[in-house]
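Today I opened a new structure and kept a notebook beside me. Here are my entries, in the order in which I looked things up.

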Amino acid sequence: MLLVLALLGMLALAVAAPPLARRLGRNTGYPLAAGYLAVAALLASAAPRVWAGDTETASWEWLPSLGVSLSLRLDGVAGVFCLIVLGVGALVMAYCPGYLAEDEPHGTVYLLLTLFATSMLGLVLAADVVLLYVFWELTTVCSFFLISTAGAAAARPARQALLVTAAGGLALLAAVVLLTVAAGTTDLATILAEPDRVLDSGLAWPIGGLLVLAACTKSAQLPFHFWLPGAMVAMTPVSAYLHSATMVKAGIYLLLRFSPLFAEESAWSTALISIGLLTAVTGAFLALRENDLKGILAYSTVSQLGLLVAVIGVGTPEALAAAVLHTFAHALFKATLFMLAGIVDEETGTRDIRELSGMWRAMPVTAATTVLAALSLAGVIPMLGFVSKEYLFIGLLEAEGAPWAGPVALALGVTASVLTFAYAARIVHGGFGGSEQHSDVSEPPAAFLLPGAVAAGLGLVLGPAVSVLSPMIVSAASDVAPAGDPPEVYFWHGLSPELAMSALTIVLGLVLFGFRAPVDRALQRLRLPDAGRLFDRGHDGVIALGHVVGGPERTSSPAAHLSRPLVAVVALGGVGALVVGGLPSRADTDRPLDWVVAGLLAVVVPAAVLTGSTLAAVGLVGITGLLVATWFLLAGAPDVALTLMLVEVMTAVVAVLVLRGVPSRFVRSPRRAAVPAAALALGAGVAATLATLAFTGRRELSAVGEHFLDSTEEQTGGTNVVNTILVDYRGLDTLGEAVVLGTTALGTALVLGRSERRRTVTPGARGDAVLEVGGRVLVPGMFLLSAFLLWRGHDEPGGGFIAALVAGAAIALNQLTHGSGTFLGRLTRPDRLAGAGLVLVVAVGALPTVQGRAFLTPVELPLLHALGIGSTFLFDLGVYLLVLGLLAAAVTRLEQPDRTAADEPPGPPVTGPLVTSGVPEQAP
Amino acid sequence: MSAALVVGLLVAGGVFLLLRRGLLRIVLGFVLLGHAVNVLLVSAGGMQRRGAPLLGETEADVAADPLPQAFVLTAVVITFGITVYMLALARAGDPGATTGHPPARSDAPSLADGSDRDDADRDDATADRGRRTDASEGGAS
């Protein structure tokens with residue numbers, strides 16, 4: 001409950017930030033700081049129990065089928081990170097009002113910062129690996145947005161930071177999935193408590209590698225370190241909070257967390273120690289080269305995180321305790337240094353140490369605070385940084401694997417620390433040393449300085465009083481090193497080897513600082529590979545590759561999109577022809593009339609394809625349809641044949657309506673342009689022929705077909721087997737089809753515009769007496785025929801589809817002879833027909849469910865049964881209405897006169913508006 | 001054998017139309033492809049037994065397989081619905097048809113004239129359109 005309250009409290013603060021900011025402006029930071037402290041106090045109430053080895057938990061089911069739960073857990077190591085997140089968070093919040101511009105609300109900044117704090121808190125409290133991943137990604141997203149708030153200059157670094165850390169996030173996701181597979185649970189405590197589940201699964205290597213990758217991206221380890229200095233374009237509070245104290249520590253947290261699982265594995269240790277120490281030395285070296293205060297601090301963070309990674313890699317209880325202590329110490333002094341850098345920037349307008357000089361006279365308190373924090377960074381007695389560095393040295397010396405591993409690790413650690421001392425001195429000397437006078441610079445307001453001063457003061461006090469932290473450090477270290485007993489931490493170790501190392505560090509650091517002028521010159525001359533530039537080049541390359549790959553799609557020509565899948569079809573056919581062999585011989589089922597139809601098609605299809613006239617193309621495709629209908633009739637499918645014939649009629653009507661006003665010829669294209677299309681068409685045709693030969697003609701009647709033929713009559717009372725399949729057996733398929741038709745009907749009506757609103761009455765048959773009289777006679781007869789076909793559909797050719805097509809033809813004829821606005825026209829509004837049909841089919845389908853029977857089960861209706869009407873008839877009627885709706889939509893909406901040519905007499909096509917380009921008539 | 005040739009013929013014709021210019025041809029190509037698939041489905045049911053599956057008229061042991069017929073009947077109607085919708089889109093997609101103004105998008109395909117594959121064609125089209133704009137403005141004033 002406590003943990004949920006804490007998280008919800010943070011969320012509430014985040015939500016409250018924007019409205020608060022509208023009222024308080026930049027001063028919103030103060031109430032937020034108080035809120036952070038309140039949440040910290042809430043969690044601190046559990047501290048005694050946690051230090052005693054107990055844990056605080058909360059859990060809800062989230063995805064029970066996957067075993068994923070929303071569970072939180074506060075133990076020692078989570079407690080340390082909570083303290084850092086909330087404590088440094090409170091300091092940064094209190095620092096923001098002084099840093100941010102006075103007259104702007106900054107609601108977004110406060111919102112994002114607090115959302116970040118919430119995510120970070122969630123990340124360290126998550127007791128489920130999936131939840132951990134979710135919070136991990138949330139911190140990445142918050143970081144991206146917070147960097148982006150710095151404006152246009154931040155676009156590139158923000159993108160770099162996002163891509164690098166999100167790539168790490170993907171690695172973490174993969175690791176989480178593998179962990180779940182290996183351990184059989186997503187519960188973090190179980191996974192860690194029973195390491196054998198993972199270690200014996202064979203997935204240990206990939207999991208460990210992915211976790212290290214995730215941690216290295218988040219914590220800016222080589223070779224991913226470049227995003228962190230780039231992220232310094234963000235405002236200083238963001239750098240102080242996310243990019244030194246907390247978010248970059250998420251990687252450290254992850255490694256600490258999974259240390260119980262992998263600490264015994266030499267590969268894990270070797271990888272972490274090598275990466276960490278390499279990063280520590282490189283980062284410190286790069287920091288020494290920088291002139292920008294924030295740049296120095298960013299590389300310093302990279303370097304310090306490297307030390308942490310290395311010491312976690314060592315994995316002994318002492319080493320892990322050192323890691324926890326140094327994480328805490330680093331958060332304190334690095335956040336302080338960032339805050340002070342921000343103050344210097346605000347007061348002097350620059351962060352370049354070559355331009356800053358002699359500030360100590362103008363800003364003595366700021367200078368003193370900076371010195372305190374820098375001493376802690378450099379590891380000088382008696383600061384907290386000194387104590388934590390001592391423990392780091394102890395930890396590094398314990399590196400195992402080879403007799404020389406410990407000393408080498410220690411030597412590298414000392415090297416990094418020497419460089420650290422040198423650049424810490426450089427910060428102080430560059431920023432505040434020197435003798436120049438600055439009359440225009442003054443000490444910042446006390447409130448602006450206070451948060452940094454508090455942190456620096458804590459670093460001073462907690463050095464000698466480090467035993468106060470001991471219960472926290474010990475409990476955290478024993479959480480992540482269950483095998484051993486972590487030592488108590490105390491300030492003075494006597495005249496120990498690590499003290500000698502510290503002394504050596506300081507002496508060598510002083511030497512390096514003493515020779516700063518030649519060292520500077522040498523460093524500036526060095527040309528180092530810029531990982532960020534390399535990354536950008538890779539990024540640009542990927543974008544360029546995408547451009548090339550996506551190039552052919554960047555056109556509105558359907559041919560360009562269709563040709564590749566068609567080539568694939570032809571290739572598939574070719575492969576099939578080569579691979580498939582030894583098929584049993586086909587039965588010869590051809591009859592003479594089949595060949596007549598095929599022969600006619602062989603004439604009509606090429607003609608339809610090659611004609612240049614639009615009307616001829618429509619007509620010839622219509623004839624093709626009629627021939628195919630004949631083929632169906634020969635194949636013993638009268639229902640299909642009848643439907644197809646009527647469909648062809650209606651297609652022709654619609655197509656001709658569409659063609660009005662369109663040039664009568666297709667645009668002429670050069671003959672050679674058609675050659676690839678023809679080749680592809682021939683290939684597809686051959687492939688289709690071969691496939692048909694391969695797939696047909698080798699079996700008897702299907703078992704399902706036989707079943708339908710045998711039992712239809714007794715089960716449904718219908719004798720038209722095809723119709724009974726549609727309405728009785730496969731009602732759900734037909735319902736799906738009806739939905740498609742309803743959709744196209746409404747879509748057609750919408751696409752062609754709502755004409756009824758205008759209530760225009762269009763002229764009818766245009767003076768054609770034969771058509772007019774014919775229409776009067778035929779239309780009622782066609783409706784009667786339609787009703788008859790619908791009625792008998794269950795037993796003989798007919799049914800909803802066919803009947804509706806006949807009725808549709810009647811509507812079309814009526815439209816042509818009488819125009820719109822007639823009684824029939826008003827009666828057959830497409831949206832009403834389609835809507836009624838859809839409601840009817842669904843209602844009929846749902847009827848049996850009232851009796852507790854399955855959806856669409858045919859039922860007998862009380863009164864109508866006497867008339868021979870069952871629910872299937874009503875279902876067919878619904879289909880009828882839907883098809884009719886589609887036809888009415890097409891006919892009535894397309895029949896609307898062109899809005900441009902409403903008053904023009906019919907006759908020559910309307911040129912101009914409808915001819916968009918390449919007017920064919922003018923072509924030579 | 002004849003069914004396979006019919007399918008091949010229809011597929012070849014449909015594919016050729018799909019790859020040509022002009023939305024109307026694409027719609028017609030789609031119709032031909034629909035026919036091809038329907039013929040394939042029915043012939044997959046077997047062409048040996050060809051009695052209509054109407055139990056009042058045909059004995060059950062010579063009737064054709066009704067199941068592919070039911071599929072094809074559904075397919076025919078759906079193809080029709082899609083065809084009508086595509087024709088409606090082709091009609092509505094030409095802004096000139098609805099507003100009397102030249103198309104706003106230079107690459108909008110139209111019914112009788114298709115695509116923007118050929119740069120030279122596109123330039124010509126733009127020039128044409130420019131002339132028409134002038135003409136229509138002149139007419140309006």
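**Entry 1: a helix inside.** I began with helix H23 (residues 470-480) of chain A, where eight of the 11 residues are buried, so the helix is largely enclosed by the rest of the structure. For me, buried means under 20% relative accessible area, exposed means over 50%, and partly exposed lies in between (1.4 Å probe, protein chains only). Helices here are DSSP runs of H or I with at least four residues, strands are runs of E with at least two, and both are numbered from the N terminus. I listed the buried residues of H23(A), among them Met472(A), Ile473(A), Val474(A) and Val480(A). What do they pack against? I found helix H3 (47-51), helix H4 (76-99), helix H13 (249-257), helix H14 (259-262) and helix H17 (317-348) of chain A.

**Entry 2: ground rules.** I noted that this is a predicted model, in which local features need pLDDT of at least 70 and side-chain atom pairs count only at pLDDT 80 or more, while totals for chains, interfaces and linings use all residues. Residues are numbered from 1 along each chain as its sequence is written, chains are lettered from A and ligands numbered from 1 in the order in which they are written, and side-chain values use heavy atoms, with hydrogens and water left out.

**Entry 3: salt bridges.** How many salt bridges does the whole structure hold? I looked up Arg257(A) and Asp75(A), whose side chains meet in one at 2.8 Å, N to O. This pair links distant parts of the chain, 182 residues apart: Arg257(A) is in helix H13, and Asp75(A) is in the loop between strand E2 (68-74) and H4. Arg257(A) is buried at 5% relative accessible area, and Asp75(A) is buried at 2%. I also noted Asp530(A), which forms a salt bridge with Arg533(A) at 3.8 Å between the closest N and O atoms. Asp530(A) is partly exposed, at 38%. Shared partners join Arg73(A), Asp75(A) and Arg257(A) into one network.

**Entry 4: where the chains meet.** I then turned to chain A and chain B, which bury about 9000 Å² between them, 73% of it on carbon and sulfur atoms. Buried area is the accessible area (1.4 Å probe) that two parts lose on being put together, summed over both. The contact takes 112 residues from chain A and 92 residues from chain B, with contact meaning heavy atoms within 4.5 Å. I counted one salt bridge between the two chains: Arg50(B) with Asp594(A), the closest N and O atoms being 2.6 Å apart. On the side of chain A that touches chain B, helix H30 (residues 638-659) gives the largest share, 14 residues.

**Entry 5: one threonine.** Is Thr712(A) buried or exposed? I found Thr712(A) buried, with a relative accessible area of 0%. Thr712(A) lies in helix H32 (residues 703-716) of chain A, and its side chain reaches the backbone oxygen of Phe708(A) at 2.4 Å. Not counting residues up to four places away in sequence, Thr712(A) touches several residues, including Tyr729(A) and, from the other chain, Leu55(B).

Methods
Salt bridge = Lys/Arg side-chain N within 4 Å of Asp/Glu carboxyl O. Polar contact = N/O pair within 3.5 Å; in protein donor to acceptor, adjacent residues only side chain to side chain.
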